[in-house]
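Here is a brief report on one protein model and its ligand. Start with the ligand shell, then move to the fold.

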Amino acid sequence: MGEVIVVTSGKGGVGKTTITANLGCCLAKLGEKVCLIDADIGLKNLDIVLGLENRIIYTLIDVVNGKVSPQEALVRHKIMKNLFLLPASQIATKEMVSPEDMKAIVKELSPNFDYIIIDSPAGIERGFRNAVTPASKALVVTTPELPSISDADRVVGLLENFGFSDERIKVIINRFKPHMVKKGEMLTAEDIRHTLSLEIIAVIPDSEEVIVASNTGVPVSLNGSSKIAKNFENLARRVRGENVPLENDFETFSKGFITTLKDFFSKLKRG
Ligand SMILES: Nc1ncnc2c1ncn2[C@@H]1O[C@H](COP(=O)(O)OP(=O)(O)O)[C@@H](O)[C@H]1O
Ligand SMILES: [Mg+2]
């Protein structure tokens, strides 16, 4: 049975879809068989980030309506042959899918995969329940700004209500800007740790490479010359249970930031 992970957040636009796509690519690169589910019905952009929008024949809604099986609706990635997408439908609404539907779909897919990763919509209503119900682990994405963190905190509370214990919820800090931490313009790890009191599984820098990649339909982790690709690989290895120190997430930064980052980490460890 595959491990089912939901990528979620309180605030929208913090990088859930980007992280889902890149985590999927990296796990697939490491030899895992991966299925990504786009649960952001009505918006659907996981397909675009993966460059698969022209290959979609059936969607999650066709599966829910019994038109096709979950397997029949899967789209295989063009480069990573062990990576699959169950696409969302743009014309449907979240109300057309229930948490029970999602559970049944994931149950049917899970014997065929090592990992099933569900890209969640922002917010806390029906779409969130759809995405979270079938999962056994959650990755909560936040940027290092207070509104994002306080929304993340609200989501952590909801996940706990859904029965997620703290060990099954991990935090990803995305769009980290070391020069802003240095100038005191960004929250430190200490602040984030204090508010969420959960393990931080990855720190991903803010990088233009990510934006360029989303626009070309090739996730940055499939670009061999990308620096930030290593950050997504570190995340994937930690998800697999490998012991990759969080410090490694900063190898991509230039030497000038090292002092700031050492400070960041001493705070993180004390946190
Ligand atoms: N680490 C990053 N560095 C720079 N831009 C990023 C990063 N992560 C995400 N983005 C950009 O932020 C925007 C929102 O990301 P997305 O993954 O769609 O968020 P969500 O799924 O949470 O709404 C996109 O334009 C994406 O390219
Ligand atoms: Mg998204």
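## Ligand shell and fold

In this predicted model, ligand 1 is surrounded by 16 residues, the closest being Gly15, Lys16, Thr17, Thr18 and Val210. The makeup of the shell is tabulated here.

| Class of shell residue | Residues around ligand 1 |
|---|---|
| Nonpolar | 4 residues |
| Polar | 9 residues |

Next, the fold. The protein has 12 helices and 8 strands. An open sheet of 8 strands runs in the order 3-4-2-5-1-6-7-8, with mixed pairing. Strand 3 (75–76) and strand 8 (200–205) are its edges, each pairing on one side only. Strand 7 and strand 8 run parallel, joined by 5 bridges. Asparagine 174 has isoleucine 204, in strand 8, as its bridge partner. Helix 7 (residues 146–161) lies across strand 1 (3–8), strand 6 (137–142) and strand 7, at about 165° to strand 6.

Now the interior. Of the 271 residues in the protein, 46% are buried. The largest nonpolar core holds 78 residues, and Val34, Cys35 and Ile116 have the most contacts inside it. Helix 1 provides the largest share of this core, 7 residues. What does valine 34 contact, leaving aside its neighbours within four places in sequence? Its contacts are Gly24, Leu27, Ala28, Asn82, Leu83, Phe84, Phe113, Asp114, Tyr115 and Ile117. Among contacts in the protein with a separation of 6 or more, 76% join residues 24 or more positions apart.

Key: Residues are numbered from 1 along each chain as its sequence is written. Chains are lettered from A and ligands numbered from 1 in the order in which they are written. This is a predicted model: local features need pLDDT of at least 70, side-chain atom pairs count only at pLDDT 80 or more; totals for chains, interfaces and linings use all residues. A residue is near a molecule or strand if its C-beta atom, placed from the backbone, lies within 6 Å of it. Ala, Val, Leu, Ile, Met, Phe, Trp, Tyr, Cys and Pro count as nonpolar, Asp, Glu, Lys and Arg as charged, and the others, Gly among them, as polar. A nonpolar core is a set of buried Ala, Val, Leu, Ile, Met, Phe, Trp, Tyr and Cys residues joined through C-beta atoms within 7 Å. A residue is buried if 20 or more other C-beta atoms lie within 10 Å of its own, exposed if 12 or fewer, and partly exposed in between; C-beta atoms are placed from the backbone. Helices (H or I, at least four residues) and strands (E, at least two) are DSSP runs, numbered from the N terminus. Two residues are in contact if their C-beta atoms, placed from the backbone, lie within 7 Å. Two strands pair if DSSP finds at least two bridges between them. Axes are lines fitted to C-alpha atoms, for helices over the stretch in contact, and angles run from 0 to 180 degrees between N-to-C directions.
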